[in-house]
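Keep the viewer open and turn the model as you read.

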Amino acid sequence: RPRPRSRLQKPRIRTLTSPDAVTTNVPVTGSGGGHVRLRLDIAYDGTDFAGWAAQDGHRTVAGVLDEALSTVFRTPVRVFGAGRTDSGVHASGQVAHLDVPADALGHAHPRRPREGEPEFLPLVRRLGRFLPADVRVRDIGRAPAGFDARFSALRRHYAYRISLAPYGVEPHLARFVTAWPRALDVDAMAAASRDLLGLHDFAAFCRHRPGATTIRDLQRLDWSREGDLVTARVSADAFCWSMVRSLVGALLAVGEGRREPGWCATLLGAAARSSDFAAAPARGLTLIGVDYPPDDQLAERIAVTRDLRAL
């Protein structure tokens, strides 16, 4: 007789696609297939991950989650995140969704939730035992109709943290804060940041991705200082590849006095990534939140997000 598979054995991941989604590998949902969409709220230390998106031969956040969730549900599943963070970038407020066959939900519950307890609290606790220490699923719930973690999002929020302390970064923060060895004029950085707000083509601040637009609505970019800790808060409807780190890197050149505050605005509308500055290190960047519209506007938001952007 065939040997039973150990629950710790990695399941084979099979991507389910609809006829019109073969290029995006989006699982079949809403097609009468008996799937339930779940929303996950996630935090992770990105130091030892090669980014969010699953990649063969690399340890990624989505890859680790896919494996753990597929084991728990006893069927291949795949998570889709609101923000595809780069290698070394962290998250305290990542949001994702996955589609689970309705008949597999029972496999995830070692016991029924107690009266008054959230439906998926037992699953949250169980995943805490399956997942490595550097990624946590903080909450799970049934997603409202029309919810898509990526395409339903209104905006994403990031924080970038820098230490100006002469000794570097406190040990317990060393994986999440970038040490900066030179003085910074935070007021000059704030002035330069204001010129970047609004709907622009941020090609100068994005790594090239074939077929992807670089037009974004930058809604917040401000700076604060508390002692030796300098923090940038950055919000936009979406971010292109390496955009936040590139914005911070350009503004650090202003803060050091190597560029005038008005220089950043001159980069807007460039046709390609600028070589006049370096992106800030990944370790200081954290995805801290994602905003969504009311439930009855989720489907409408997806249509807006998928529409081709123009200035």
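The report below starts with the overall make-up of the chain and then visits a few places in turn.

## Overall make-up

This is a predicted model. The protein chain holds 6 helices and 10 strands. Of its 311 residues, 48% are buried. Among contacts in the chain with a separation of 6 or more, 70% are between residues 24 or more positions apart.

## Strand 1 and its neighbours

Strand 1 has two antiparallel partners to look for: strand 3, joined to it over 9 bridges, and strand 4, joined to it by 7 bridges. On the strand 4 side, Leu 38 stands opposite Arg 142.

Strand 3 covers residues 90–101, and His 90 belongs to it. Is His 90 buried or exposed? Its relative accessibility is 1%, and because the limit for buried is under 20%, His 90 counts as buried. A polar atom of the His 90 side chain lies 3.0 Å from the backbone oxygen of Arg 283. Leaving aside residues up to four places away in sequence, His 90 also touches residues including Tyr 44, Asp 45, Arg 175, Phe 176 and Leu 287.

Helix 2 runs over residues 121–130, and its buried residues include Pro 122, Leu 123, Val 124, Arg 126 and Leu 127. Helix 1 (61–73) and strand 4 (135–142) are among the elements that cover them.

Helix 3 (residues 186–194) has Val 186, Ala 188, Met 189, Ala 190, Ala 192 and Ser 193 as its buried residues. These pack against strand 8, strand 9, helix 4 and helix 5. At the start of helix 3, a side-chain oxygen of Asp 185 comes within 3.2 Å of the backbone nitrogen of Asp 187.

## The disulfide

How many disulfides does the model have? The count comes to 1, and it joins Cys 206 to Cys 240 with an S to S distance of 1.7 Å. The two cysteines come from distant parts of the chain, 34 residues apart. Cys 206 is in the loop between strand 7 (198–201) and strand 8 (215–226), while Cys 240 is in the loop between strand 9 (229–236) and helix 4 (243–255). As a reminder, a disulfide is a covalent bond between the sulfur atoms of two cysteines.

| Residue | Relative accessibility | State |
|---|---|---|
| Cys 206 | 3% | buried |
| Cys 240 | 11% | buried |
| Cys 264 | 0% | buried |

## Aromatic rings and charges

The model has 6 aromatic pairs. In one of them, the ring centres of Trp 263 and Phe 277 are 6.0 Å apart and the planes meet at 85 degrees, so this pair is edge-to-face. The pair links distant parts of the chain: Trp 263 is in helix 5 (residues 263–266), and Phe 277, 14 residues apart from it, is in the loop between helix 5 and strand 10 (285–291). Both residues are buried. Together with Phe 202 and Phe 205, Trp 263 and Phe 277 form one aromatic cluster.

Charged side chains also meet rings here. The charged end of Arg 207 sits over the ring of Trp 241, 4.0 Å from its centre. Elsewhere, the charged end of Arg 59 sits over the ring of Phe 49, at 4.1 Å from the ring centre.

## An exposed residue in a loop

The last stop is Ala 271, in the loop between helix 5 and strand 10. With a relative accessible area of 82%, Ala 271 is exposed. Which residue lies 6.9 Å from Ala 271, C-alpha to C-alpha? That residue is Ala 204, which is 67 residues apart from Ala 271 in sequence.

Methods: Residues are numbered from 1 along each chain as its sequence is written. This is a predicted model: local features need pLDDT of at least 70, side-chain atom pairs count only at pLDDT 80 or more; totals for chains, interfaces and linings use all residues. Side-chain values use heavy atoms; hydrogens and water are left out. Rings of Phe, Tyr and Trp (its six-membered ring) pair if their centres lie within 6.5 Å; planes under 30 degrees apart count as stacked, over 60 as edge-to-face and the rest as tilted. Helices (H or I, at least four residues) and strands (E, at least two) are DSSP runs, numbered from the N terminus. Buried means under 20% relative accessible area, exposed over 50%, partly exposed in between (1.4 Å probe, protein chains only). A charge sits over a ring if NZ of Lys or CZ of Arg is within 6 Å of the ring centre and within 35 degrees of the ring normal. A disulfide is a pair of cysteine sulfur atoms within 2.5 Å. A polar contact is a pair of N or O atoms within 3.5 Å; within protein, one must be able to donate a hydrogen and the other to accept it, and residues adjacent in sequence count only if both atoms are side-chain atoms. Contact means heavy atoms within 4.5 Å. Two strands pair if DSSP finds at least two bridges between them.
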